[in-house]
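Reader: Can you walk me through the ligand site and the pockets on this one? I'd like to start with what surrounds the ligand.

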Amino acid sequence: MHDRRVLVLTGAGVSAESGIPTFRGKDGYWRNLDPAKLATPEAFARDPKLVWEWYRERRQRIRNAQPNPAHKAIAKLAQHTQEFLLVTQNVDDLHARAGASKEKMVQIHGDIFVTRCLRCHFQFRDTGRGGSPEPPVPRVIYPHSGRLRSIAPTSVQHEQEQKDIPKCSKCSALMRPGVVWFGEQLPWGELRRVENYLEDGPCDFVIVAGTTATFGYIVDWALRAIASDGELVEVNPEETPLSQFATQRVREGAALALPRIVDELVISRSSKL
Ligand code: APR
């Protein structure tokens, strides 16, 4: 009996119950902040300091967060499924901290703890859990203006701030967070991994959790994966462009729904999986 194939696609909603804001949901980042000022190559060229402050704040928030039962359930499903791939849009490390292995996970929008050189692409990954906290952020966020207002930095602070923009130890160019910004290509290697998995055959089971499926490739991958008769389970309190294709629409939070769905799958179909 051929082994069953599973694809899981996740978005910010899966980390919401770990205290990480979504982007477009209530209190989502893009409700208060302007992505054009924080998450584009142009924004970084214009004000790298502002962009780094936002990413440092997000890194700190992620460090202080813990994987929730949704992350743990997905890691469990991966352990019980031979042919499995998790494709996450999340740049946080909560899937990995819940036990999802690198071999069975694609972070298609990058990794927030990676710092990469703009010029020579030298990069390093630092979760900062080695006790090297991020430099303090001497600024406050004014939600509706979408701008970070500075508390007039003194000259010493200015020097410190300049130091806060990482410079490449190889070529001294500016370094940026290792994430995919609006208007940028998806990382080729990761894209290839998704395509290879889809080309290896249709999936019997696809879970799409916590994403508005804003990007066409997410919808495309889910529909190609289920092909003709695969099951598509959508876990999201809200409707998305994928809802019409779902064989199951679970309008609950992922931390509650996913452990149940995975247990059902693993236990009830353990003989088949
Ligand atoms: N459980 C499940 N789903 C949830 C939960 C929850 N507890 N809370 C919110 N959601 C759903 C929301 O209803 C919404 O549909 O999660 C979705 C979050 O959507 P977005 O904020 O748009 O996040 P995402 O789909 O991951 O965004 C995609 O856009 O901003 C860019 O690069 C960024 O990776 C991100 C991409």
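Author: The shell around the ligand divides into 8 nonpolar, 11 polar and 3 charged residues. Bear in mind that this is a predicted model.

Reader: OK. Which residues come nearest to the ligand?

Author: Glu17, Phe23, Arg24, Thr211 and Thr212 come nearest, out of the 22 residues around the ligand.

Reader: How much of the ligand does the protein bury?

Author: The protein buries 92% of the 740 Å² that the ligand exposes when taken alone.

Reader: Which pocket is the space taken by the ligand?

Author: The ligand takes up the space of the largest pocket.

Reader: What is the volume of that one, and what lines it?

Author: The largest pocket holds about 930 Å³ of space. Its lining has 48 residues, and the closest to the centre are Gly11, Ala12, Thr22, Phe23 and Arg24. By class, the lining of the largest pocket has 21 nonpolar, 17 polar and 10 charged residues.

Reader: Which helices supply at least two residues of that lining?

Author: Helix H1 (13-16), helix H2 (29-32) and helix H5 (48-63) each do. The largest share comes from H5, with 4 residues.

Reader: Switching topic. What is the volume of the second largest pocket?

Author: The second largest pocket has a volume of about 560 Å³. There are 23 residues lining the second largest pocket, and Gln107, Gly110, Asp111, Gly178 and Glu190 are the closest to its centre.

Reader: Which elements give two or more residues to that lining?

Author: Strands S3 (105-107), S4 (110-117), S5 (123-125) and S8 (175-179), along with helix H9 (188-199). S4 gives the most, with 4 residues.

Reader: And how does the lining of the second largest pocket split by class?

Author: The second largest pocket is lined by 8 nonpolar, 5 polar and 10 charged residues.

Definitions and conventions. Residues are numbered from 1 along each chain as its sequence is written. This is a predicted model: local features need pLDDT of at least 70, side-chain atom pairs count only at pLDDT 80 or more; totals for chains, interfaces and linings use all residues. Side-chain values use heavy atoms; hydrogens and water are left out. A residue is near a molecule or strand if one of its heavy atoms lies within 4 Å of it. Accessible areas come from the Shrake-Rupley method with a 1.4 Å probe; for residues, only the protein chains shown count as cover. On a 1 Å grid over the protein atoms alone, a cavity is a set of points where a 1.4 Å probe fits but cannot get out, and a pocket is an open set with protein on both sides within 12 Å along at least five of seven lines; lining residues have an atom within 4 Å of a point. A molecule sits in a cavity or pocket if more than half of its atoms lie within 2 Å of its grid points. Ala, Val, Leu, Ile, Met, Phe, Trp, Tyr, Cys and Pro count as nonpolar, Asp, Glu, Lys and Arg as charged, and the others, Gly among them, as polar. Grid points are joined across faces, edges and corners, and a volume is the space filled by probe spheres set on the points.
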